[in-house]
Amino acid sequence: MNASSFSSLSDGHQRLQALVGAWRGEEEVAATQWTDAGTATAEVLAEAEFGGLFVVQRYRQRRDGTVSFGAHNVFGFDQQNGLVTLHQFDSMGFVPMSPAAGTWNSGELALERSSPRGSARVTYNFDDIDTYRMKLQFKPTSGNAWQDMVSGLYRRVSPSTINGF
């Protein structure tokens, strides 16, 4: 297997590298059909894979000292269509029918996907290279309004401070 060097990556692949690193965040969780409202902390560890063609992100959310949600996300860039893609596998157990897809608008990455349960939208806003904000929203198939699910502020930390992934 021949991995690409970062310098030979497309601009779209290079933009994905903003996600790479170890992050810790404080989150606001909205009341939904899946959980109660409250606060949470999160740890994120994201690594470039295959020379930067993909970014694999491991996410762990804690509420009241207990892991309440986990996800493995795989970000890619579809050069043919000019779209960032996101395949998410999480502790809810739903198998994604298709990836979320979206684009960058300045420092914001917005991705959407649909399933028989409804549509999900996640946005990442990069304040600077060491801070980003994430917001996850959901729209049920029977609704036409986006509902907030989780929002958080994440700061870069040393990978050695994140244990147990």
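**Strand pairing and the largest pocket**

In the predicted model, the lining of the largest pocket draws at least two residues from each of β3 (54-63), β4 (66-78), β5 (83-90), β7, β8 (118-128), β9 (131-140) and β10 (147-157). The largest share, 6 residues, is supplied by β8. The space in this pocket amounts to about 860 Å³. Its lining comprises 42 residues, of which Phe-69, Gln-88, Asp-90, Leu-136 and Met-149 are the closest to the centre. Classified by residue type, the lining of the largest pocket contains 22 nonpolar, 14 polar and 6 charged residues.

The strands that contribute to this lining belong to a barrel of 10 strands, closed in the order β1-β2-β3-β4-β5-β6-β7-β8-β9-β10 with antiparallel pairing. From one strand to the next, the twist averages 25 degrees. In general, strands of a sheet pair through backbone hydrogen bonds, in either a parallel or an antiparallel arrangement.

Strand β1 (residues 21-29) is joined to strand β2 (residues 38-49) by 9 bridges, the two running antiparallel. Within this pairing, Glu-26 stands opposite Thr-41 of β2. Thr-41 also has a bridge partner in β3, namely Arg-62. The antiparallel pairing of β2 with β3 extends over 9 bridges. These two strands form a hairpin with 4 residues between them, and Phe-50 in the turn adopts a positive phi of about 55 degrees.

Elsewhere, strand β6 (residues 100-105) and strand β7 (residues 108-115) run antiparallel and are joined by 5 bridges. Here, Gly-102 has Leu-111 of β7 as its bridge partner.

Terms used
Residues are numbered from 1 along each chain as its sequence is written. This is a predicted model: local features need pLDDT of at least 70, side-chain atom pairs count only at pLDDT 80 or more; totals for chains, interfaces and linings use all residues. Side-chain values use heavy atoms; hydrogens and water are left out. Two strands pair if DSSP finds at least two bridges between them. Axes are lines fitted to C-alpha atoms, for helices over the stretch in contact, and angles run from 0 to 180 degrees between N-to-C directions. On a 1 Å grid over the protein atoms alone, a cavity is a set of points where a 1.4 Å probe fits but cannot get out, and a pocket is an open set with protein on both sides within 12 Å along at least five of seven lines; lining residues have an atom within 4 Å of a point. Grid points are joined across faces, edges and corners, and a volume is the space filled by probe spheres set on the points. Ala, Val, Leu, Ile, Met, Phe, Trp, Tyr, Cys and Pro count as nonpolar, Asp, Glu, Lys and Arg as charged, and the others, Gly among them, as polar.
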